[in-house]
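Trainee: Hi! Could you walk me through this one?
Mentor: Happy to. Here it is.

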Amino acid sequence: MNRNTKNYFQIMETTKTLQYTVKDFKSDQYVRWCPGCGDHAVLNSLQKVMAELGGAPHNTVVISGIGCSSRLPYYISSYGFHTIHGRGAAVATGVKVANPELSVWQITGDGDCLAIGGNHFIHSVRRNVDLNVLLFNNQIYGLTKGQYSPTTKKGFVTKSSPFGTVERPFRPAELTFGARGTFFARLLDVDLKTAQLCMTAAAKHKGTSVVECLVNCVIFNDGAHGWLAQKENRAERIIVLEHGKPMIFGKNRDKGLVLDGFNLKVVTIGEGGMTESDVLVHNATCEDSTLHMKLAIMEGPDMPIAMGVIRAVEEETYNAAVEAQIAEVQAKSKVKTFDDLIDTCEQWDM
Amino acid sequence: MDKTKTTELDNVVVRFSGDSGDGMQLTGTLFSNLSAILGNEISTFPDFPSEIRAPQGTLGGVSGFQVHLGSGKIYTPGDEADVLVAMNPAALKVNAKAIKNGGVIIYDADSFEKSDFEKAAFTSENPFEELGISDSIQLIPAPLSSLTQSSLEGFGFDNKTVLRSKNMFALGLICWLFNRPINQAIHFLTNKFGKKPTLLQANVKVLTDGFNYGNNLHLTISTFVIDKSHETPKGKYTSISGNKATAWGLIAAAQKAGLQLFLGSYPITPATDIMHELTARKDMGVKVVQAEDEIAGITTSIGAAFAGSLAVTNTSGPGLALKSEAIGLAVMAELPLVIIDVMRGGPSTGMPTKTEQTDLLQALYGRNGESPVVVLAAGTPDCCFHYAYMASKIALEHMTPVILLTDAFIGNGTSLWKLPKLAELPIIKPNYVKPSMEGCKVTSRDEVSKARYWSIPGMEGFGHRNGGLEKDYETGCIATDPLNHEKMVNARQAKVDYVSNFLPELKVEGDETADMLVIGWGGTHGHLMSAVMNMNKIGKRIALAHFNYINPLPKNTIDVIQRYKKVVVCELNSGQFATFLRSKVPGVEFLQYNKVQGQPFTVAELEADFSELM
């Protein structure tokens with residue numbers, strides 16, 4: 001069942017000569033996000049990861065749509081394109097297909113990606129274009145000053161839902177898996193270590209890597225992820241999944257996840273005869289996404305929120321398939337130039 | 001041979017009509033191609049319903065293909081048919097008004113039964129009388145179905161398969177009527193069915209039997225001879241549809257510019273054939289993304305343009321509407337992009353398979369903000385090649401989106417095309433950033449042409465941030481300064497206006513010194529030219545100025561138009577180009593001749609209108 005046994009977490013351990021530094025990825029632009037916005041932390045993590053990955057800034061392209069997070073390309077000293085609302089995935093697809101040698105990052109938010117850009121999102125995931133998608137999820141429209149988004153929790157009071165929203169929210173992981181996504185990771189803005197781990201794995205993954213970044217909007221939705229963000233609570237409320245490692249969390253590393261019928265359940269190791277070997281071992285490369293889905297949609301307070309790389313399955317990318325098909329046809333066809341093409345016409349003298 | 005006589009004709013119009021499953025498009029295409037190979041000028045026009053298979057024998061399912069061939073210049077597929085091939089009463093009914101007096105109707109007698117009349121909503125059992133078909137029209141009943149059945153006896157096909165070949169019987173009969181040897185048709189069939197020998201054998205058998213049927217019928221009808229054309233410039237030719245010519249123009253431009261060709265596209269009638277042509281050209285490295293929607297069609301292309309490809313998106317009216325925000329992005333990001341709109345009847349879904357010129361103002365103005373783009377319009381199927389090539393050249397050299405307007409009539413129609421060589425085509429020099437331009441910003445531009453320098457991901461030292469937000473003229477950083485915005489608006493406009501320096505002058509065709517000038521644009525060239533030529537021939541003084549460059553207009557536009565006392569703008573809409581010209585050319589009273597019926601002009605109606613105006 002496992003076609004790929006690659007461990008994404010080993011990537012961080014490999015040492016390499018750094019050709020570029022964080023400074024090489026910082027543009028001269030003043031970062032205009034609100035002080036305290038979670039986007040700052042994600043940007044810093046991204047610049048660090050880009051430097052560590054070692055790709056040249058001029059071979060890196062950062063594409064975004066519209067929204068607070070979509071301003072990010074201005075702050076990275078690479079090739080950047082701040083496009084129109086919702087269409088970042090399609091523009092990024094065009095860039096990657098046109099030149100598969102480029103490292104392409106797509107920056108998007110919960111409104112940009114899941115409302116106006118929902119169609120492009122699911123189709124880029126379905127095609128498995130080799131893009132690294134950072135989906136900034138703050139559960140609110142920030143740039144338009146505080147309307148509910150497709151991920152806002154039902155009942156939440158916003159400027160456009162003064163009596164609470166009556167809408168059911170999307171869960172980005174479900175959309176990703178529904179579109180047959182090959183990679184899904186989740187990070188929390190303030191947890192820099194996991195953030196960098198996820199981004200590195202996303203960059204290394206060939207295919208559409210969706211990284212849900214839980215970010216705080218300090219102005220319109222402060223503390224949306226607050227119960228996770230407080231450092232003292234994190235160990236109890238978050239489980240950082242690692243491929244090949246048991247699903248253990250807790251301040252004392254004594255809590256684990258086991259299967260209870262078709263569902264996941266939290267157990268305490270040492271209680272009721274539970275040992276570490278009873279706890280599930282995370283397999284991010286399992287083709288069947290059923291357990292990945294269960295893990296990705298865990299919610300508090302009874303269950304921890306899963307962070308880290310939840311799914312990373314190797315499949316042929318769209319851009320590679322395009323290249324392969326072209327090479328295959330070119331090897332067989334006699335038509336190499338426009339003049340050859342003209343020669344294929346049924347033609348006659350007049 | 002028992003023919004009483006043959007008649008020599010300058011030109012002839014044949015219309016094949018039947019159910020949309022009867023293979024009329026193929027029959028028409030084969031007949032026009034073999035006529036072209038025999039030296040005739042050709043022009044064709046398919047007229048089909050948007051239903052793929054409407055109920056058999058009903059009016060909604062009638063599919064037609066008109067061929068005009070001649071020994072002289074042929075500009076249009078012709079108004080009325082000299083010969084109609086009607087596979088059923090519905091086809092007869094739909095085309096009854098489009099047959100010339102003295103013409104011929106060949107019909108499948110087997111399909112002219114009581115039940116067939118009912119399906120076609122006839123109230124009597126004499127459809128010819130009911131339609132008031134003139135006595136001057138000769139009727140040739142030929143039992144095409146049963147003759148095809150006996151022709152294929154012993155092949156072991158089921159009846160449905162057998163009847164699918166009756167179009168070949170009709171083609172054989174038409175070849176006889178026009179003294180066309182059928183070996184060329186057999187050659188085409190061999191190319192088409194080469195891999196299915198039984199099917200090939202069957203089709204050739206039916207074709208031959210159809211030809212011999214005419215020969216042996218001892219019909220007292222005159223057969224026709226059309227001489228080779230002597231007005232066509234010497235050279236190698238093929239027949240090509242506008243959509244195919246468009247695709248090939250893009251391929252030629254990409255190779256000439258040394259760029260990869262990229263198409264982002266979503267299927268839409270009548271533009272999809274351009275995608276079909278391009279996606280088949282993987283051998284030439286063409287990349288096609290069949291996108292999830294029209295917006296992704298253009299935005300993948302914008303991404304490809306950003307990444308350094310010759311990027312194209314193709315669509316029709318409703319798709320152009322969906323793409324408008326993204327066109328604005330391409331305007332703002334100053335990226336080279338070719339947008340092809342094969343216009344159809346609108347608004348909304350409108351009439352997808354029918355032709356119109358109703359997207360002109362949408363192309364010119366259909367965006368938010370001051371958003372100028374270059375707009376071109378091709379005039380004939382073969383010219384689509386040239387204008388697709390020029391659209392690419394202008395986009396790459398001037399760093400601007402270019403909208404090329406064609407339409408269902410020239411997109412699906414075919415004409416003769418003199419085969420070009422790449423070496424003969426004009427050079428294309430994309431406006432790349434030069435290695436010496438250190439510190440070049442995203443907004444750095446040639447101060448004369450205002451064309452932005454194109455730096456492409458992968459080029460070291462030219463990293464930049466582009467986007468849809470307004471940028472500072474000097475630094476390229478996002479900016480909301482009021483005067484800067486105006487400066488940028490003016491620069492983008494000046495860039496588009498500057499293109500006029502590279503355009504050919506507006507030509508006047510026909511009697512240049514006439515008092516009356518006919519103005520047209522895009523796909524109506526053939527009809528307008530025919531009307532003007534016909535009138536000149538009988539001494540009527542009239543001239544034609546036909547536009548292919550619409551924004552910017554050719555530099556001599558005002559001079560040319562102001563020379564004439566009477567000016568009539570003819571277009572397949574309610575007056576969009578006339579409106580545009582009124583805003584650009586002062587002191588001229590623009591008369592209008594408009595038709596919005598989903599059909600091309602007829603030469604006759606144009607001549608009648610012009611005569612009245614004179």
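**Domains and chain contact**

Mentor: Chain A is assigned domain 1 (8-245 + 282-318) and domain 2 (246-281), with bounds from an automatic or database domain assignment. This is a predicted model, where local features need pLDDT of at least 70, side-chain atom pairs count only at pLDDT 80 or more, and totals for chains, interfaces and linings use all residues. Residues are numbered from 1 along each chain as its sequence is written, while chains are lettered from A and ligands numbered from 1 in the order in which they are written.

Trainee: How many residues of domain 1 of chain A are in contact with domain 2 of chain A?
Mentor: 13 residues of domain 1 of chain A contact nine residues of domain 2 of chain A; contact means C-beta atoms, placed from the backbone, within 7 Å.

Trainee: What gives the most on the domain 1 side of chain A?
Mentor: β7(A), with three residues. Strands are DSSP runs (E, at least two residues), and helices are H or I runs of at least four, numbered from the N terminus.

Trainee: Which strand of chain B is joined to β12(A)?
Mentor: Strand β9 (residues 236-241) of chain B, antiparallel and through two bridges; pairing takes at least two DSSP bridges.

Trainee: And what is the bridge partner of A:Trp348 in β9(B)?
Mentor: B:Tyr237.

Terms used. Contact = placed C-beta atoms within 7 Å.
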